[in-house]
Amino acid sequence: MTDARILVIDDNVAVRSTLNLVLKTQFRSVVVVGDPQLIPALVGIGNVDAVLLDMNFARDRLDGQDGLFWLDRIMNRSGLENPPAVLMITAFGDVGLAVQSLKNGAVDFIEKPWNNNDLINKLNEAIRKRNQRINTKNRATEPKPQPTLEEQERQSIRNAIQAAGRNLTDAADILGVSRQTLYNKMKKYGIS
């Protein structure tokens, strides 16, 4: 069982029930809802790893615009620094729609009926890539270790000696210390 939280949003009761049965044996938490209006509340708290999002919610529309609308809300307007991975799911496969959903941030496009193993593999892969992206982002934003005061002092002494053309009297003046203090610091830090 994967330690991941999955949100399924589909207006079809049979699809929700089936996905719940299939996914709950594979993932730690599976929440299924039929109303996309619940997306901001469910995704907004930031505890969802992946979303299976239906493309069509209105019976009179089959153009996928509902799914694209909610995809935008998840990816760009949820206020989350790390939104969940979104996989679009639809009974009406369309290459243009698939391309558009991928451009808008979805990680995959799944057609109904689906193969359970493929679906689980795609979800796991999407979660893996999301976690990898988050970890890479976190490493990139980690503060670089600051030099210790001793390291800073050692480097300041080296810089002053170099700036003074190795003249220790001038280097001491640059540092605002006596020549004897400079000698003592050079000895302490092994600077010759």
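What radius of gyration does the protein chain have, and what would a compact globule of 192 residues have? The protein chain has 29 Å, whereas the globule would come near 16 Å; the radius is taken over C-alpha atoms, and the globule rule is 2.2 Å times the number of residues to the power 0.38. The model is a predicted one, in which local features need pLDDT of at least 70, side-chain atom pairs count only at pLDDT 80 or more, and totals for chains, interfaces and linings use all residues. Residues are numbered from 1 along each chain as its sequence is written, and side-chain values use heavy atoms, with hydrogens and water left out.

Along the principal axes, the C-alpha atoms of the protein chain fill a box of roughly 85 × 30 × 30 Å. The secondary structure comprises 8 helices and 5 strands, counted as DSSP runs (helices H or I, at least four residues; strands E, at least two). Read from the N terminus, the order is β-α-β-α-β-α-β-α-β-α-α-α-α.

Of the contacts (heavy atoms within 4.5 Å) with a separation of 6 or more, 59% join residues 24 or more positions apart.

A pocket is an open set of points on a 1 Å grid over the protein atoms alone where a 1.4 Å probe fits, with protein on both sides within 12 Å along at least five of seven lines, and lining residues have an atom within 4 Å of a point. Nearest the centre of the largest pocket lie Asp11, Asn12, Asp54, Asn56 and Arg59.
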